[in-house]
Amino acid sequence: MITEDEIKDMIKRMEGRQPTVKKVSFPPLTAPAGADRLKIPLDYLTDVTVTITVELGNTTMKVRDILRLSEGSVVELDRPAGDTVEVLINDQPFARGEVVVLGGNFGVRIESIHEIRKTRPGGEKQ
């Protein structure tokens, strides 16, 4: 670790001198030999668990209205009944679908799958 005296000495030696600025150049980046063999087959990902979320709709409520909710209360959403729902995979839009009832459970019939995005939400390239 550098001491305070060493910093003061360094500053004293630099006083009155102009800094030298040089342009840095780096060699172009290229993929290493054999990189094409590093592509992982899709089979390696088949056991990866992802979270699927279906958004029925949204609403905005005041805290006082939320505090009044009780069993049997109905929260009105911004989508009409029968409208398509958004299907998200790990919080990313994936598809749109129709809510269906299977026995006593809800399900979603996929109607369309979104185009693959070229950039992630943060602007990063995929």
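## The second largest pocket

The strand β4 gives the largest share of the lining of the second largest pocket, namely three residues. Here a strand is a DSSP run of E with at least two residues, numbered from the N terminus, and a pocket is an open set of points on a 1 Å grid over the protein atoms alone, where a 1.4 Å probe fits and protein lies on both sides within 12 Å along at least five of seven lines, with lining residues having an atom within 4 Å of a point.

The model is a predicted one, in which local features need pLDDT of at least 70 and side-chain atom pairs count only at pLDDT 80 or more, whereas totals for chains, interfaces and linings use all residues. Residues are numbered from 1 along each chain as its sequence is written, and side-chain values use heavy atoms, without hydrogens and water.

The volume of this pocket, meaning the space filled by probe spheres set on its points, is about 330 Å³. It is lined by 14 residues, and those closest to its centre are Leu56, Gly82, Asp83, Val85 and Val99. Both β3 (92–102) and β4 (105–113) supply at least two residues of the lining.

Strands β3 and β4 pair in the antiparallel sense over eight bridges, where pairing requires at least two bridges found by DSSP. In this pair, glutamate 98 stands opposite arginine 109 of β4. The two strands form a hairpin with two residues between them, and glycine 103 in its turn has a positive phi of about 65°.

Strands β2 and β3 are also antiparallel, with five bridges, and leucine 88 has proline 93 in β3 as its bridge partner. Their hairpin likewise has two residues between the strands, and asparagine 90 there takes a positive phi near 50°.

## Aspartate 91

Aspartate 91 lies in the loop between β2 (85–89) and β3. Although aspartate 91 and isoleucine 52 are 39 residues apart in sequence, their C-alpha atoms are 7.8 Å apart in space.

Notes
Helix = DSSP H or I, 4+ residues; strand = E, 2+ residues; numbered from the N terminus.
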